[in-house]
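Look at the model below with its pockets in mind.

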Amino acid sequence: MILGIDTSLGTAVGIVDPDGAVRAESASANPLGHAEVIGDLLRQALVEAERGPLGQTGVSAPVVLTHVAVGMGPGPFTGLRVGIAAARAFALARELPVVAVPSHDAAALEILLATALVDPFAEPERFAVVTDARRREVAYSVYEGVDADGIPIRTDGPALSPRADIDDLLARTGAVRHDVAAVSAPVLAVLAARAVAAGRTLAGPEPLYLRAPDVTLPRSAAARPPGAAG
């Protein structure tokens, strides 16, 4: 089983079987307060997963995890740090590998899966995942279907755009806009499973910050040698 954690928008935790069946899903839509809720969501998901796939009843069984998938953004600086730190700490304690996944890729896969349920034979459209980046900006990524490994094909992004300009920008690329307010942790875990099966790396170890953090060292402090008196 794979544990998925994402804090790029709200806070989301999910567990899926190797075949993609969802064992547990818990989330908080609050874009703040990640650190306050993530521990409870993890405990809730682990207990829920013991009962078998969602919608089924059976004898409780231990949850045997093989990987921890974590959303790497784009997202706000503090929120991403909480989720990534929680995923790495959990994985370290259980000696599990961490699979880094771009959060927009998971959102794109959820859109593609929903589209396939409506019409399995529909030609994939070019579309964009658009998320709130605050400060009158949005983050966006453009996609065109999935590849042979079942992984969304990202053709542009993630990048920032002024909120007022995003529709014109997407019109020039011919991409249909999909505003996303939450990332599904189970879908993120499914995407991680596909990447592991294909032997692929979807993201590096660094979060996908699209702008510099609000808090930075003063220039004088940044230039001061370590250990020097203030």
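A pocket here is an open set of grid points with protein on both sides within 12 Å along at least five of seven lines, and its lining residues have an atom within 4 Å of a point. The model is a predicted one. By that definition, the second largest pocket is lined by 17 residues, and nearest its centre lie L112, T115, A116, A122 and P124. The most comes from α3, with six residues. By type, the lining of the second largest pocket divides into 10 nonpolar, three polar and four charged residues. The space in this pocket is about 270 Å³.

The largest pocket has a volume of about 690 Å³. It is lined by 34 residues, and G75, P76, F77, R134 and R211 are the closest to its centre. Two or more residues of the lining come from each of α1 (34-49), α2 (77-94) and β6 (126-134). The lining is made up of 20 nonpolar, eight polar and six charged residues.

Next comes α1. Its 16 residues should span 22 Å at 1.5 Å a residue, and the end C-alpha atoms are 21 Å apart, which agrees. Which residues of α1 are buried? They are H34, I38, L41, L42, A45, L46, E48 and A49. Because these residues cover an arc of only 160° around the axis, they lie on the same side of α1. An α-helix has 3.6 residues a turn, so residues three or four places apart point the same way. E36 and R43, on the other side of α1, are exposed. The cover over the buried residues of α1 includes β1 (2-6), β2 (11-16), β3 (22-28) and α2.

Conventions: Residues are numbered from 1 along each chain as its sequence is written. This is a predicted model: local features need pLDDT of at least 70, side-chain atom pairs count only at pLDDT 80 or more; totals for chains, interfaces and linings use all residues. Side-chain values use heavy atoms; hydrogens and water are left out. On a 1 Å grid over the protein atoms alone, a cavity is a set of points where a 1.4 Å probe fits but cannot get out, and a pocket is an open set with protein on both sides within 12 Å along at least five of seven lines; lining residues have an atom within 4 Å of a point. Grid points are joined across faces, edges and corners, and a volume is the space filled by probe spheres set on the points. Helices (H or I, at least four residues) and strands (E, at least two) are DSSP runs, numbered from the N terminus. Ala, Val, Leu, Ile, Met, Phe, Trp, Tyr, Cys and Pro count as nonpolar, Asp, Glu, Lys and Arg as charged, and the others, Gly among them, as polar. The expected span of a helix is 1.5 Å times one less than its number of residues. Buried means under 20% relative accessible area, exposed over 50%, partly exposed in between (1.4 Å probe, protein chains only). The arc is that of the directions from the helix axis to the C-beta atoms. Contact means heavy atoms within 4.5 Å.
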